[in-house]
Amino acid sequence: MKKTPPRVALIVPEHITPFHFAIPFTVFSAVVDGERLFDLQIVGTGAHRAPPRDGFSIVPSQDISVARDADIVVVPFWRDLDVPPGREMIDTLVDAHRRGARIVGLCYGAYALAYSGLLRGKRASTHWLAEADFSARFPGTKLDLNALYVEEDRLITSAGSGAGLDCCLHIVRECYGSKIANKLARILVVPPHREGGQAQFIEQPIAATSQNSKINQMLDYLRSHLDAPHSVDELSTLASMSRRTFTRQFNKATGSSLVEWLVNERLRRSRDLLETSSLSIEQIACRAGFATPLSFRKHFKSRFHVSPSDWRRTFGTPHGLQDHGRAQVDTHIAGSRPSS
């Protein structure tokens with residue numbers, strides 16, 4: 001007996017971009033082995049028309065009331081983070097969840113779920129750029145910034161735009177199992193499951209300089225000597241300060257201890273080398289100042305949730321690797337390195 005496809009209501013909010021719409025539309029309208037996986041309905045509120053954006057408009061085929069009978073309701077995007085959904089959409093989301101439907105918020109679509117109150121007391125994910133804003137608006141929701149997607153109590157939220165694809169494939173896997181999800185992933189030419197999470201994509205800003213000229217000079221010195229071992233005693237002497245004064249002023253200027261600061265800068269240096277050079281992992285560990293390749297891998301995995309090799313495969317530039325590799329000669333002599 002053929003399985004009845006789950007009913008999916010894809011809500012088209014105002015000012016949606018083609019990309020945000022295309023991801024769930026592509027997955028939930030897919031045909032695998034000659035069978036349509038989902039019964040997809042494109043729904044909207046009001047006049048049933050999303051206003052044109054950059055010459056592109058989407059005309060929903062159904063009223064949002066259709067979503068009240070759906071098994072899965074998807075909000076693919078939310079443009080104005082300051083504006084909550086209208087009462088009609090909020091009631092639709094709440095009613096659908098109450099009767100057992102999965103409610104999905106992709107990227108900033110998580111805001112629609114949060115505004116409706118569904119995420120109160122739950123875990124959720126959204127784009128890392130919205131971390132501070134989302135947390136301030138919805139303190140009752142625990143935001144998982146590393147997750148590509150989070151599911152709790154039939155509430156599914158995803159990170160940035162591309163992570164919406166990971167999230168939708170997860171729903172396919174939940175409905176049909178890994179075999180069908182893997183087939184669909186191959187059709188779309190994407191991995192069925194990505195390692196790591198948002199941490200590898202979050203931009204890590206360089207710490208601003210402080211008003212302490214001595215500490216600023218010290219930071220410049222450390223950045224140019226990351227591959228050397230450093231201690232508080234050595235650096236306090238170099239700065240003509242007592243150990244206690246140096247520790248206090250360094251902490252005040254950087255917001256972290258010397259060890260924490262060095263690890264952050266060494267990780268930053270190692271990322272640059274992974275992306276732009278053909279140096280081996282061992283050579284990068286040495287140049288960045290880690291005691292051993294094992295220490296480097298441990299710190300890197302802890303921070304970015306992927307291995308250095310995975311990072312290089314994702315962000316490395318083949319042309320840049322070749323050019324940099326020819327231009328660089330590793331003249332560093334392996335020796336003892338600090339454990340931090």
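Arg-102 counts as buried, at 18% relative accessibility (buried is under 20% relative accessible area, exposed over 50% and partly exposed in between, with a 1.4 Å probe and protein chains only). The model is predicted, so that local features need pLDDT of at least 70 and side-chain atom pairs count only at pLDDT 80 or more, while totals for chains, interfaces and linings use all residues. Residues are numbered from 1 along each chain as its sequence is written, and side-chain values use heavy atoms, with hydrogens and water left out.

The side chain of Arg-102 meets that of Glu-174 in a salt bridge (3.7 Å, N to O), a salt bridge being a side-chain nitrogen of Lys or Arg within 4 Å of a carboxyl oxygen of Asp or Glu. Because Glu-174 lies in helix 5 (residues 163-176) and Arg-102 in strand 9, this pair ties together parts that are 72 residues apart in sequence; helices (H or I, at least four residues) and strands (E, at least two) are DSSP runs, numbered from the N terminus. Arg-102 also forms a salt bridge with Glu-151 (3.4 Å, N to O), a residue of strand 12 (residues 149-152) that is 49 residues apart from Arg-102.

Strand 9 (102-105) is among the elements that cover the buried residues of helix 2, with contact taken as heavy atoms within 4.5 Å. These buried residues are Met-89, Ile-90, Thr-92, Leu-93, Ala-96 and His-97, and they line one face of the helix because they fall within an arc of 160 degrees when seen down its axis, the arc being that of the directions from the helix axis to the C-beta atoms.
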